[in-house]
Amino acid sequence: HCAARLKIKRVGTFVHSTQQTALQVQEDALLGVDTEGKIAFIGEGKKLEALSQVFQFSPSEVTQLTEHEFLMPGLVDTHIHACQYSYAGTALDLPLLQWLNTYTFPVESRFKDLEFARRVYTHVVKRTLTNGTTTACYFASIHTDATLLLGQIANDFGQRALVGKVCMDRNDSVKHYRESIQESHDETCRWVSYPLAKPVVTPRFALSCSRELLEQLGKIAKNNNLHIQSHISENKEEIQLVKELFPESESYTDVYHKYNLLTDKTVMAHGCHLSDKELAVFKETGASLSHCPNSNFSLCSGVLNVRNVLKHKVKLGLGTDVAGGYSSSMLDAVRRTLDASKILTIQDPKHETLSFEEVFRLATLGGSQALSLDDQTGNFEVGKDFDALRVNVAAPGGPIDLIHSEGPKVGIQTLIVVHFMFAFLNWSLTGDDRNIVEVFVAGKKVVPFTEPKAE
């Protein structure tokens, strides 16, 4: 591989997570990306000469990050409703089930209009990429053509995506927004894979699906080795209705488990009210959870105890859950995750609050693990795709005022790390997309947009 041509060479501060270390800061690191978009090497900047000879590149080709810049892995949004983006930031005055009937289903039914779908989906892909989301797990609507269009748009703009056509054969509130079992089955089988965008089998949630449909979707996923996504235990009224609708199942988790919808390629959103027994089933099956704190707060659904989920060794990532969540930014998901953990500590001082470092890992590596994509992305390891953000904490016109004060009296190396962590935390908690200078997916620069095909 030594003779492999490199298309990206960067030297500077890199930050990422590993399974062992929640936050690893590498000062003066040197990274090379090959023409396939994969990380070819990670080394020390001081070994530039030696590495340039091994990998056959000129030291003058290396881009040096500035003092206030760093590279980090792309953010992974494990749960977002692309078709709800048009009303994000509004309509948050009702609890979940009433909210779905009043706002969501009427809007989603409009996505049979492909021009409307193209407009909304182009906006959501561009906005999430600008916000640093390099991988998104999307719910679309029940309309297959519009769902395939979302996959194509994500792929064309260079976003890694799982894209799901929603399946639902039950809906008494908006009767025209549902399918027959046969339609749902046949349309789900019309999936298409793009280089970056892959299909995900998507029963909306147990309340929207008959037993027959759940069974068929479990078979489709198994026979084609596909990802699966749905919702679980979001609010208490929903859980009670599931109990009434599926009296033969001992829990909400059991409903999905019975129809082979809990696999190591399954991600379930919310899970606010799962019992320890249910979490044990998640661990046993390899299924994961998407924590969506903004939505959980906005619709008054509940507060997920992430610490308890992690103690059960269940895979967990973060989600924006637009439009139940009002922000499409994964930085918001990071901040709300910290808030949710602190709320649990206020309620019970013995609760072990999540650290910022742990939450950063959930937003990157944790998300890739939750989506079973961690063999490809999630952190900076040789052989993985280069999905990355170049962040400038001092970006001109950005939201952060860096005020330098004399640091503590410590060794120079410690001081560098202390100053970096100050800047990194500052951006994570007060920065925004104005600080994200470049976004890369699979080694290709996707932000700033070149947009030959954009409207």
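Cysteines and backbone geometry in a predicted model

D321 lies in the loop between β14 and α12, where helices (H or I, at least four residues) and strands (E, at least two) are DSSP runs numbered from the N terminus. This is a predicted model, in which local features need pLDDT of at least 70, side-chain atom pairs count only at pLDDT 80 or more, and totals for chains, interfaces and linings use all residues. Residues are numbered from 1 along each chain as its sequence is written, and side-chain values use heavy atoms, with hydrogens and water left out.

User: Is D321 buried or exposed?

Analyst: Phi of D321 is positive, near 50°, although D321 is a residue other than glycine. Buried means under 20% relative accessible area, exposed over 50%, and partly exposed in between (1.4 Å probe, protein chains only). Because its relative accessibility is 4%, D321 counts as buried.

User: How many disulfides are there?

Analyst: A disulfide is a pair of cysteine sulfur atoms within 2.5 Å. The closest cysteine sulfur to that of C292 is in C272, at 8.4 Å, which is too far for a bond. C300 is likewise in no disulfide, as the nearest cysteine sulfur, that of C272, is 11 Å away. By this rule the count is 0 disulfides.

User: Which residue does a cis peptide bond join to V447?

Analyst: The bond in question has an omega of about 0°.
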